[in-house]
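Please keep the model open while reading.

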Amino acid sequence: MRIDKFICKSTELTRSEAKKLLKMGEVRVNGDVIKNAATQVHENNSVTVDGAELTARSSRYIMMHKPLDTICSNVDEVYPSLLHYIEVDKAFDLHIAGRLDADTTGLVLVTDDGRWSHNIISPKKECAKVYRVNLRNAILSEKSVELIERFKSGLQLQGEDQLTLPAILDIINEKEVLLTITEGKYHQVKRMFAAVGNKVVGLHRQQIGKINLDVELGTWRYLTNDEVNSF
Ligand code: URA
């Protein structure tokens, strides 16, 4: 982890205050003065500020039920960041592992552990995300087998060179399905249904990996150790 981040995690200081301390030569790693904020430190390094040893707060892992009209960003835009709903210290030091659109609800995982979130976001890790999808056009029963096969074999999305990775489509009823995917391209689910001539009118993420959404809309909880270790 970067030394400036380590200082923020172990004190009440902001990133810019931590950088100032570094510039002033107040920070030592294993006895050596360190001024470069990008210097990497490890758990077993001794980091001192003004002679006092720092211990980093342990990482935080959170499940949040994202409401409509919030965004998965650390900065407010037309809609507010969903981090406003997470009433913890330094909530805006957290980041969101896998974005949802403003008009999508459901499970979002929030953390300050970049290595952990990589396991969720990277397509190479094949972490499954399950979406409940409401559709504008009914899926005709005589077309359903063919449609399931198309999602399984990969779809050509507009503007993409490669087909989508195999996806699992479970049809609940003619206008509602569950879709399991292991990648997270921009507007992926909406574009997948557009590619088969349909339109998503409601989208909700209910599961990431083994973690099922089990908190009310607009609320959050810390993940259990088992949940954290499941990635
Ligand atoms: N796919 C989408 O199209 N939107 C989301 O919010 C998530 C996946």
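The structure holds 10 salt bridges. A salt bridge here is a side-chain nitrogen of Lys or Arg within 4 Å of a carboxyl oxygen of Asp or Glu. This is a predicted model: local features need pLDDT of at least 70, side-chain atom pairs count only at pLDDT 80 or more, and totals for chains, interfaces and linings use all residues. Residues are numbered from 1 along each chain as its sequence is written, and side-chain values use heavy atoms, with hydrogens and water left out.

| Pair | Distance |
|---|---|
| D4 and R15 | 3.0 Å |
| K190 and D103 | 2.7 Å |
| R132 and E176 | 3.4 Å |

D4 sits in helix α1 (residues 3–10) and R15 in helix α2 (residues 15–23), so their bridge ties together parts 11 residues apart in sequence. Helices (H or I, at least four residues) and strands (E, at least two) are DSSP runs, numbered from the N terminus. D4 is buried, at 0% relative accessibility. R15 is partly exposed, at 37%. Buried means under 20% relative accessible area, exposed over 50%, and partly exposed in between (1.4 Å probe, protein chains only). R2 joins D4 and R15 in a network of salt bridges.

K190 and D103 form a salt bridge. The pair links distant parts of the chain, 87 residues apart: K190 lies in helix α5 (residues 188–195), D103 in the loop between β6 (95–97) and β7 (104–111). K190 is partly exposed at 22% relative accessibility. D103 is also partly exposed, at 46%.

R132 pairs with E176. Strand β8 (residues 129–135) carries R132 and strand β10 (residues 176–181) carries E176, 44 residues apart.

Now the whole chain. The protein has six helices and 13 strands. Its C-alpha trace spans about 75 × 35 × 35 Å along its principal axes. Of its 231 residues, 45% count as buried.

An automatic or database domain assignment sets the domain bounds. Domain 1 covers 3–53, domain 2 covers 61–123 + 212–229, and domain 3 covers 128–208. The centres of domain 1 and domain 2, taken over C-alpha atoms, are 28 Å apart. Six residues of domain 1 contact four of domain 2, contact meaning heavy atoms within 4.5 Å.
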